[in-house]
Amino acid sequence: MCCQICPRAFFGARSETVRVTVDWLLLVCAAYPEAQKKILREIDEVVGRDRFPTGQDHPNMPFTEAAITELMRWRTIVPLNLMRYTLQASELNGYYIPKNSHILLVLWAVDNNEKLWGTDVNEYKPERFLSEVGRKVIKPEYAIPFSVGKRSCPGKTLAEIEIFLYLVAILQKFEISAPLGKEIDLEGELGLAFQPKRQDLCLKLRQ
């Protein structure tokens, strides 16, 4: 399979999806304060308050990584992958796919499949990506927010570290909450990416 995409679209898409992911993560921190507390605890234990987080902190913060990974599953940032086409006739799981067929991977369907994730598929649950003792992130082969195979997203590594650094740098300094008397709206809107609705958040400087 192959596809064509212009460089401007490539960089624009990467920047947009990173921003949308961070937006969702901040909303999740406000909506799920217990999850936020666990991230803050990891930040204090691994990074502290006196230096900026780095990529080297990433493997030492399993709950933070699990929280990000679960967000990407729970609110599929890119529900539909880029269109591909077959260069030759193929067979997949018993299905015959003719040459020059257009192929579209529906990532949303994978992320919301109860057979893969269980009956709590609609819940935000970072623990589903953690080992029993919570010290290791476990990603099954069907966790594919960046697609899969030779033509998966080439910006995967950069996007992952950007999201991690943005989230940790913000939570290192601030606690996130909903405005007094308001509830976080976790329903999304589909644009270039599946993004949250515009709403206010309160950022309180951590003591």
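A: Helices (H or I, at least four residues) and strands (E, at least two) are DSSP runs, numbered from the N terminus. This is a predicted model, in which local features need pLDDT of at least 70 and side-chain atom pairs count only at pLDDT 80 or more, while totals for chains, interfaces and linings use all residues. Residues are numbered from 1 along each chain as its sequence is written, and side-chain values use heavy atoms, with hydrogens and water left out.

Q: Where does W108 lie?
A: W108 belongs to helix α4, which covers residues 107–111.

Q: Is W108 buried, partly exposed or exposed?
A: W108 has 48% relative accessibility, so this residue counts as partly exposed. The classes are buried for under 20% relative accessible area, exposed for over 50%, and partly exposed in between (1.4 Å probe, protein chains only).

Q: Which residues make the nonpolar surface patch?
A: L80, M83, L104, V106 and W108 make a nonpolar patch of about 470 Å². Patches are made of residues with over 30% relative accessible area and no salt bridge; like charges are joined within 9 Å, and nonpolar side chains (Val, Leu, Ile, Met, Phe, Trp, Tyr) within 5 Å. Accessible areas come from the Shrake-Rupley method with a 1.4 Å probe, and for residues only the protein chains shown count as cover.

Q: Which residues is T76 in contact with?
A: Apart from neighbours within four places in sequence, T76 is in contact with L107, W108, D111, N112 and F194. Contact means heavy atoms within 4.5 Å. T76 itself sits in the loop between α3 (62–74) and β1 (84–85), and is buried at 4% relative accessibility.

Q: What does the side chain of T76 make a polar contact with?
A: The partner is the side chain of D111, at 2.8 Å. The side chain of T76 also reaches the backbone oxygen of R73 at 3.4 Å. A polar contact is a pair of N or O atoms within 3.5 Å; within protein, one must be able to donate a hydrogen and the other to accept it, and residues adjacent in sequence count only if both atoms are side-chain atoms.

Q: Turning to charges, how many salt bridges does the count come to?
A: The count comes to 14 salt bridges. A salt bridge is a side-chain nitrogen of Lys or Arg within 4 Å of a carboxyl oxygen of Asp or Glu.

Q: Which residue forms a salt bridge with K37?
A: That residue is E34, with the closest N and O atoms 3.4 Å apart. K37 and E34 both lie in helix α2 (residues 33–47), at a spacing of three residues, about one turn of the helix. R49 pairs with D44, where the closest N and O atoms are 3.0 Å apart.

Q: And what about E70 and R128, are both buried or exposed?
A: Both are buried, and their side chains meet in a salt bridge of 2.9 Å, N to O. E70 lies in helix α3 and R128 in the loop between α5 and α6, so the pair ties together parts that are 58 residues apart in sequence. Through shared partners, salt bridges join E70, R73, D120, K125 and R128 into one network.

Q: Which residues other than glycine have a positive phi?
A: Among them are N100, with a phi of about 65°, and S147, with about 70°. Most residues other than glycine have a negative phi. N100 is placed in the loop between β3 (95–97) and β4 (102–103).

Q: Where is S147, and what does its side chain join?
A: S147 is in the loop between α5 and α6, and a polar contact of 2.9 Å joins its side chain to that of N81. S147 is buried, at 13% relative accessibility.

Q: Where does UniProt place the feature "binding site"?
A: The unreviewed UniProt entry places that feature at C153. UniProt positions are given in the numbering used here, feature names are shortened, and annotations may be inferred rather than shown by experiment. C153 is in the loop between α5 (114–117) and α6 (156–173), and is partly exposed with a relative accessible area of 32%.
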